[in-house]
Amino acid sequence: MRAVLLDAASPGVTRRRLRVVDDWPEPEPGPGEVLVGVSGVGVCGSDLALLAARRHPPGLPWLVGHETFGEITATGEGVDPGRAGQRVVVEPNFPCLACPVCASGRTSSCPYRKSLGFSEPDTMADRIAVPARFAWPLPASWDDGDAVCAEPLIVARAAIRRAAGVHPIQDGHCLVVGAGSQGTLLCLALASRGITPAVLEPLPGRRDLAVQLGARPVLGNDGGFSLIFETSGTGAGLSEAVSRAAPEAMVVLIGQSAQPVPLVTQIVVQRQLTLAGSLIYDHPHDFAEAIADVKPGAGRTLKACYPMEEAEEAFRAAAEMPGKTWIKVGSVISRARG
Ligand SMILES: [Zn+2]
Ligand SMILES: [Zn+2]
């Protein structure tokens, strides 16, 4: 079957490269697993970090991708065979569900968590095998665009849920820093709660898309925000987030970088700010709730779709274009089992 592999950089070149192979081994669904015929995979900032060698997979070549939807084509032992034919979105982080951290409900912090695309190879391939409980049936009202945006949208919703648990979310006091695909989806998720976030983004195309989805542009020295989501993962973004914060504000960090960033601690201390990281989502409730109550519409953030053979161009576009870029892998090979 076909698969998109991340390869080491050629000699003299720092950038890694992607190549499509057609002889990747077919996966088999093991006990408790389903085989998913992949329809599409979103390109995420963290995938771009792998290509740019800012993040490192366990080895190369490496099968990339993690924002995946498709259709169940076969079921492993112990899985309801009636699930074959279900259209599903994959929750690509598998906590152990047995340790004390998982028992506390914060499965995102599970020290044994496996992540597709990062610690585990997958999912930019024709077919993948995943644990059945992490393949979520999609409502018929979700189109392909909504489905490909589901995972990053749920990252955004989880950040809002966690912030709302400790800090009031007030309309007119919310700021989103960065309008890449994660920032744009965060604006959309806030707008769906009746909040009009201000958005700070230097690229006009990205800023315009966030505004179309319900945000308003930050004006000049706009400040005094009580809840700020930093999605750029850059030092400049964090500086903006902190400098525009009101006293007692909360700054939620979603964008991440391995590079040190400048931080004016005087502002943090004098304004008594809370800085909190928010990582992915917790199993199972974040996926369950989103799929039960999100109105389709996240697909409006999609701006470019590429065939699998043009994965390298898709990654390049994702780094520059407004909105989300995705790779259409194909339709399923077989709707029926066996
Ligand atoms: Zn992602
Ligand atoms: Zn665990």
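**Ground rules.** I worked from a predicted model, where local features need pLDDT of at least 70 and side-chain atom pairs count only at pLDDT 80 or more, while totals for chains, interfaces and linings use all residues. Residues are numbered from 1 along each chain as its sequence is written, chains are lettered from A and ligands numbered from 1 in written order, and side-chain values use heavy atoms, without hydrogens or water.

**Zinc, ligand 1.** I looked up the donors first (N, O and S atoms within 2.8 Å of the metal, 3.2 Å for Na, K and Ca; water is not among the atoms, so sites may look incomplete). The protein supplies Cys44 (SG), His66 (NE2) and Glu67 (OE), at 2.2 to 2.4 Å from the ion. Along the chain their spacing reads C-x21-H-E. Cys44 sits in the loop between strand E3 (33-43) and helix H1 (45-51), and Glu67 in strand E5 (residues 67-75). These two are 23 residues apart, so the pair links distant parts of the chain. Helices (H or I, at least four residues) and strands (E, at least two) are DSSP runs, numbered from the N terminus. I then checked burial: Cys44 and Glu67 are both buried. Buried means under 20% relative accessible area, exposed over 50%, and partly exposed in between (1.4 Å probe, protein chains only).

**Zinc, ligand 2.** Here I found Cys96, Cys99, Cys102 and Cys110, each giving its SG, at 2.3 Å from the ion. The spacing is C-x2-C-x2-C-x7-C. Angles among the four donor atoms run from 103 to 118 degrees, and the site is tetrahedral. For four donors, that label requires all angles to lie between 85 and 135 degrees. The ideal angle for four tetrahedral donors is 109.5 degrees. Cys99 has a relative accessible area of 6% and is buried. Cys102 is buried too, at 8%.

**Leu48.** I placed this residue in helix H1. Its relative accessibility is 16%, so Leu48 counts as buried. Leaving out residues up to four places away in sequence, Leu48 touches Val43, Arg54, Phe315, Ala318 and Ala319. Contact means heavy atoms within 4.5 Å. I also checked Arg316: its C-alpha is 8.4 Å from that of Leu48, across 268 residues of sequence.

**Helices H3 and H4.** The axes of H3 (residues 144-166) and H4 (residues 181-191) come within 9 Å and cross at roughly 65 degrees. Axes are lines fitted to C-alpha atoms, for helices over the stretch in contact, with angles from 0 to 180 degrees between N-to-C directions. The crossing is right-handed, that is, the near helix is turned clockwise from the far one by less than a right angle. The H3 side includes Cys149, Leu153 and Ile160; the H4 side includes Leu185, Leu186 and Ala189.

**Arg157.** This H3 residue is partly exposed, at 23% relative accessible area. Beyond its neighbours within four places, Arg157 contacts Ala189, Glu289, Ala290, Asp293 and Val294. Arg157 and Leu190 are 33 residues apart in sequence, with 8.3 Å between their C-alpha atoms.

**The sheet.** I traced six strands in an open sheet, ordered E13-E12-E11-E14-E15-E16, with parallel pairing. E13 (216-217) and E16 (274-277) are at the edges; each has a single partner strand, so one side of each lacks a neighbour in the sheet. Strands pair if DSSP finds at least two bridges between them. E11 (residues 174-177) and E14 (residues 225-230) have four bridges, in the parallel sense. Val177 has Glu230 as its bridge partner in E14.

How values were computed: Tetrahedral: all angles 85-135°; square planar, octahedral: opposite > 155°, others 65-115°.
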